[in-house]
Structures are given as structure tokens and as C-alpha cells.
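These notebook entries set down what I looked up in the structure shown below.

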Amino acid sequence: MALVLGRPPAVGPRTVAKRARPGRLAASLAPTGNGFPSFLPTEVEKIKDPFARRLARRIERVPVPVQIESSDGWIMSSCVKPLIRSENNPVVLLHCFDSSCLEWRRAYPLLEEAGLEVWAVDVLGWGFSDLEKRPPCGVSSKRHHLYQLWKSHIRKPMVLVGPSLGAAAAIDFAVSHSEAVEKLVLINGCVYEEGTGHLAKLPKLIAYAGVSLLKSTPLRFYANMLAFNGISLATCCDWTNVGRLHCLLPWWKDASVSFMRSGGYNVVDQIKEVKQKVLIVYGERDRIITKKLQVRLHCELPSAIIRQVPDCGHLLHVEKPNAIANLIADFIRGSNC
């Protein structure tokens, strides 16, 4: 991937970049009357979770240099930027498979209250970035995009936090760009899957048909019931709307098929190459990733700290935000959690 030299175009909260001309930034950044960024799907207004609504209002798009079809350009990448700058290295929060930075709606404010500099970023292909140019969204492209975001905006070694498949993305990035990562936090890490398997070889038409199922409300609702430990139906419905909001953007299918056909994450052989300090956290009642796999990960990273969060499912940063915020803060400050 070629690097783009020079300074990114200046953007402010009311900048509107035209899409008609190549080389111009594609974004409409002005907030709507209700305070939500105008690039979010209008369905955001139906979400009831006050934490999700509050964090959604803070989502911005920042310019990140990438390479698209052999030419250099910019993607307006979605993230939540920190309100404070800390003497400690920044915390950068990734998210799960096919999700967004809204996953961190409950833990993000707690991490800020702890005095940390916190970024919640959307992995390329998911979240709310402007992908109108349809960039490739395979593993190498996701890694390159995160590196360019870090190089352009964060600029300090970070504590990289990855939940579920985000843990695989974190390992892949930390091994490839060790200078950018001081520590790793892996939450219910999905790190032993060997990519997308046979799905990578599906004909395009079938791949698009399969991807369409991923945004269906029934499937997302079932995934939430599986991921959380005993939430109400009303909460599950609302959190389903939060979790599928990014799927309503026009380029979501193309980005998802691009990732599927790329082969996906396979970091099994990279785990032992991790040199950073690592905190492994898992939920006692996780029905998606077993405790056995978390213990296996700890065995492969023997210097890592491992902690269990009791009475908690797969998305513990949503279900038990105080627990994960405290563990991350203590880990950053050098305690034994």
C-alpha cells in the first residue's frame, strides 16, 4: 500500500465535501437538528439506549490516507475522539465483527472519567466511515487503514483493545506494527478461527445473498440473545437496532463481501509473535467463546494477565462496563488488575 504524503484537507464540523469530483473528500459532517451527525442513518433516532444516543452524537469522520484501485486518496473514517489528552498513552478501542464504535457506549464514558485518552475507532468496512469509493476491506486493507489512522491522528504508542474478532484484528496489527502498540487488551478473544473458510470461495452472487442475511433483524436479535447474559426482550430489541445501524449504509454489502472473499482473519500463527504486555479478559457465562480457548490463549502468552468477569456473557464491555473500565485503567497504570 502506498502512503499519501502531504497534509489532509481541513475539515470542520460543518464541512461538506462534494462527491462528484475525484480526489475530493466524500462527507457531510454537519450535525442534524437533533445533534446526530448527518452521515448516520436516520434510524439512529429510533434508538432508545441513552448511552448509545449520547455516543452517537460524538461520532466524527476524520481523513485517513489509503490506496484505492492503485491510486492514492482519502477515506473519511468514523471514530469517537478523546475529549482529554493524557500523559499516559492513548487507549484505542476496536469492536467486534461487523459492528461499530457504538459497542463502547457504556464503557467509553467510564474510561474518560478515569482520566484516560480514549479513541473508539471503526474498523475499515464496518461502522460509519464513508466508503462510497468501495475500497477493498480485507485484512491487509483493515490493517493499513488502522495504521494510517494511527499515524495521522493518534501518533503515540497505544493500548489497543479488541473484543471478540477485534482481538484478532488487534493481534494482527500489533505483530505487524509493534511500534504503534504499547499494550494489548483482548476481551473474549475470537483468535482461533481460521478465517472465513469456504465462504471466501463463494460465487459473488451467492456471497451477496449470504451477506444480506447478516443485517436481518431476526438474526441480529438471536445473536444478541446469545451474546448477553439474561437481558430483557425490550433491551434486546433496542440493542439489535444499535448493532445493525451501520448495516443500513449503502456500501455495507460491498464491504462485507470484500472482507468475506478476502479470507478473513487467521492469526493462529501470529499469537506467539506478540511482544507487548497483554491483558486477557473473558466473561464467565460467554456462550460464544469458551473458557478453554481463553486458557489456551493464556498458555500461548504466558506473561499475559488473565481475568474473568463473573456472571457475564460475550460482550462484557456492554454488559459489565464498570468491570472492563476498571481492568483497563488498572492495566494501563501498571497494577496487577
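**Entry 1: a strand pair.** I found that strand S5 (residues 91-93) and strand S6 run parallel, joined by 3 bridges. Two strands pair if DSSP finds at least two bridges between them. I noted Trp119 in S6 as the bridge partner of Val92. From S5 the chain passes through helix H2 (residues 108-113) to S6, and this β-α-β crossover is right-handed. A crossover is right-handed if, with the strands pointing away from the viewer, the path from the first strand over the helix to the second runs clockwise.

I then looked at the directions of the side chains in S6 (residues 118-121): Val118 and Ala120 point one way, Trp119 and Val121 the other way, and all are buried. In a regular strand the side chains alternate between the two faces of the sheet.

**Entry 2: basis of the values.** The model is predicted, and local features need pLDDT of at least 70, side-chain atom pairs count only at pLDDT 80 or more, and totals for chains, interfaces and linings use all residues. Residues are numbered from 1 along each chain as its sequence is written, and side-chain values use heavy atoms, with hydrogens and water left out.

I use buried for under 20% relative accessible area, exposed for over 50% and partly exposed for in between (1.4 Å probe, protein chains only). Helices (H or I, at least four residues) and strands (E, at least two) are DSSP runs, numbered from the N terminus. Contact means heavy atoms within 4.5 Å.

**Entry 3: the whole chain.** I recorded 11 helices and 10 strands. Of the 337 residues in the chain, 54% are buried. Among contacts with a separation of 6 or more, 72% are between residues 24 or more positions apart.

**Entry 4: helix H9.** Which residues of H9 are buried? In H9 (residues 291-300), I found Gln294, Leu297 and Glu300 buried. They lie on the same side of H9, because they cover an arc of only 120 degrees around the axis, taken from the directions from the helix axis to the C-beta atoms. The face turned away from this buried side carries the exposed residues Lys292 and Cys299; Cys299 has 58% relative accessibility.

The cover over the buried residues of H9 includes strands S8 (181-187), S9 (277-283) and S10 (305-309). Glu300, at 17% relative accessibility, is in contact with Tyr192, Val268, Ile271 and Lys272, leaving aside its neighbours within four places in sequence.

**Entry 5: nonpolar cores.** A nonpolar core is a set of buried Ala, Val, Leu, Ile, Met, Phe, Trp, Tyr and Cys residues joined through side-chain atoms within 4.5 Å. The largest has 94 residues, and Leu93, Leu160, Leu184, Val185 and Val191 have the most contacts inside it. Its largest share, 8 residues, comes from helix H4 (residues 165-176). Apart from this core lies another, of 8 residues, among them Cys96, Ala227, Cys236 and Trp239.

**Entry 6: cysteines.** How many disulfides does the structure hold? I found 0 disulfides, a disulfide being a pair of cysteine sulfur atoms within 2.5 Å. For Cys190, the nearest cysteine sulfur is that of Cys96, 9.3 Å away. Cys190 is buried, with a relative accessible area of 14%.
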